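Take a look at the protein below. Keep the sequence and the model side by side as you read.

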Amino acid sequence: MPRRRGTHPVSDADALACPDTYARGVPYDRLERLRARTPVVWLDERIAGGPGSWAVLRYADVRHALAHPELFAAESGTAPHGTPGPTAGPPAGPATGPATGMIDMEPPAGALLARITADPADFAAEVAAELPGTLRNTLAGGLYALLRDPEQYARLRASRADDDLVDSAVEEMLRWWTPVMCVRRTVLRPTIMGGVPLLAGERVSLWLTAADHDDTVFPEPERFVPDRFRVGAGARPQLALGYGTHACLGAMLARLHLRALVTAVLERPGRLASAGDPVRLRSTVRQGFERLPVRWIA
Ligand code: HEM
């Protein structure tokens, strides 16, 4: 059948490499098709100004690459987020170690939440504007999970005293949202992944968001399921904060912030509501919002 001009279908891989795609939300359907057919696929990233890379889409392969720095080298100095600002604390995530419980997260969480009143406010551009980007995107993603699913929101609110459930919900928010969508590596030694021979010097992009939505690991990955990571539920760890040698050094801090905000939201009388259409970031790397209008309903 003749094809009219302008109707050429965009291939799933082309769409993945195009920042405009993400303005409409992560293309999970395309990721799923690719993961099933070509779990390691070449991405021509010229449209985003990149040199191209092998996209790795399956949970097992992504985790394998993260766990083997002798095969897949991280590019030095490329932590996928900006320098933490004052509200995120000093870059001492790991050093706080077992003492993280001593960091009082209530004031920043409480102060953020107090900025959301009955009048529409923009969580991304006003309420959390001074937080470092990745933390802002993480918190916004967590709130968005609640906004999108009033039933689970109400259930969590009713069960907010259940610490294990709230911890699990935080972990599920990280999985469901995965604010850093992919991280880069360079192949150090020839190896085979997903049936594809990878050559030394080639670049790979490890799609954390595809791994965290791999339905062979996380059933019904598109659903926000607060119970998914309950102790004893047997869920595999989500990869939103990386894994292995280069796993996020601020992971504890990130979880503490998210938990503090979620707890504050669940404990405050009334509820969070949408106050307009969100505008997503136009990025192939980060998932977040340019605007997330919200308000508080007493
Ligand atoms: C708020 C949510 C955050 C998310 C989703 C996040 C995500 C990530 C991810 C996915 C990586 C792995 C990068 C890779 O494998 O190449 C990473 C690395 C890193 N993160 Fe975070 N991060 C967050 C917060 C923070 C905070 C608050 C800090 C500092 C206090 C921090 C410090 C670091 C550092 C230093 C690395 C590099 C580790 C290395 O290369 O050895 N992160 N982060």
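This is a predicted model: local features need pLDDT of at least 70, side-chain atom pairs count only at pLDDT 80 or more; totals for chains, interfaces and linings use all residues.

**A walk through the fold**

Strands S9 and S12 are joined over 4 bridges, in the antiparallel sense. S12 itself covers residues 293-297.

Now widen the view. S9 and S12 belong to an open sheet of 3 strands, ordered S4-S12-S9, with antiparallel pairing. Which strands stand at the edges? They are S4 (121-122) and S9 (271-274). Each has a single partner strand, so one side of each is left without a neighbour in the sheet. What holds such strands together? Strands of a sheet pair through backbone hydrogen bonds, and they do so either parallel or antiparallel.

Step back to the whole chain. The protein has 12 helices and 12 strands. It is 298 residues long, and 40% of them count as buried. Consider next the contacts between residues at least 6 apart in sequence. Of these, 73% join residues at least 24 apart.

Both kinds of pairing turn up around strand S8. S8 spans residues 203-207. Strand S2, residues 53-56, runs parallel to S8, and 3 bridges join them. Here tryptophan 54 has valine 204 of S8 as its bridge partner. Further along, valine 56 stands opposite leucine 206 in S8. Strand S5 also pairs with S8, but this pairing is antiparallel and has 5 bridges. Valine 183 stands opposite leucine 206 in S8.

Follow S2 to another partner. Strand S1, residues 40-43, runs antiparallel to S2, with 4 bridges between them. Valine 40 stands opposite valine 56 in S2. Is S8 covered or exposed? S8 is mostly covered, with 4 of its 5 residues buried.

In soluble globular proteins, nonpolar side chains tend to be buried together. In this model, the largest nonpolar core has 72 residues. Which residues have the most contacts inside it? They are Val56, Val62, Ala140, Leu206, Trp207 and Leu208. Helix H12 gives the most to this core, with 8 residues.

Leucine 208 shows how parts of the chain meet. Leave aside its neighbours within four places in sequence. Its contacts then include Val62, Thr178, Val180 and Val183. Leu239 and Ala240 are also among them.

Helix H12 has another contact to show. H12 covers residues 251-267, and helix H10 covers residues 163-177. Their axes come within 10 Å and cross at roughly 115 degrees. The crossing is right-handed. From H10, the contact uses Val166, Ala169, Val170 and Met173. From H12, it uses Arg255, Leu258, Arg259, Val262 and Thr263. What kinds of residue are these? The contact of H10 with H12 has 6 nonpolar, 1 polar and 2 charged residues.

Next comes the loop between H10 and S5, which holds threonine 178 and proline 179. Threonine 178 has a positive phi of about 40 degrees, although it is not a glycine. Is threonine 178 buried or exposed? It is buried, because 26 other C-beta atoms lie within 10 Å, and the cut-off for buried is 20 or more.

Proline 179 counts as buried too, because it has 28 C-beta neighbours inside 10 Å. Look at what surrounds this proline. Leaving aside neighbours within four places in sequence, proline 179 is in contact with residues including Thr134, Asn137 and Ala240. Arg286, Gln287 and Gly288 are also in contact with proline 179. Threonine 209 is 30 residues from proline 179 in sequence, yet their C-alpha atoms are 8.0 Å apart.

Finish in another loop. Glutamate 220 lies between helix H11 (208-211) and H12. Glutamate 220 is not a glycine, but its phi is positive, at about 45 degrees. Where threonine 178 is buried, glutamate 220 is exposed. Why does glutamate 220 count as exposed? It has 9 C-beta neighbours inside 10 Å, and a residue counts as exposed with 12 or fewer.

Note on methods: Residues are numbered from 1 along each chain as its sequence is written. Two strands pair if DSSP finds at least two bridges between them. Helices (H or I, at least four residues) and strands (E, at least two) are DSSP runs, numbered from the N terminus. Axes are lines fitted to C-alpha atoms, for helices over the stretch in contact, and angles run from 0 to 180 degrees between N-to-C directions. A crossing is left-handed if the near helix is turned anticlockwise from the far one by less than a right angle, and right-handed if clockwise. Two residues are in contact if their C-beta atoms, placed from the backbone, lie within 7 Å. Ala, Val, Leu, Ile, Met, Phe, Trp, Tyr, Cys and Pro count as nonpolar, Asp, Glu, Lys and Arg as charged, and the others, Gly among them, as polar. A nonpolar core is a set of buried Ala, Val, Leu, Ile, Met, Phe, Trp, Tyr and Cys residues joined through C-beta atoms within 7 Å.
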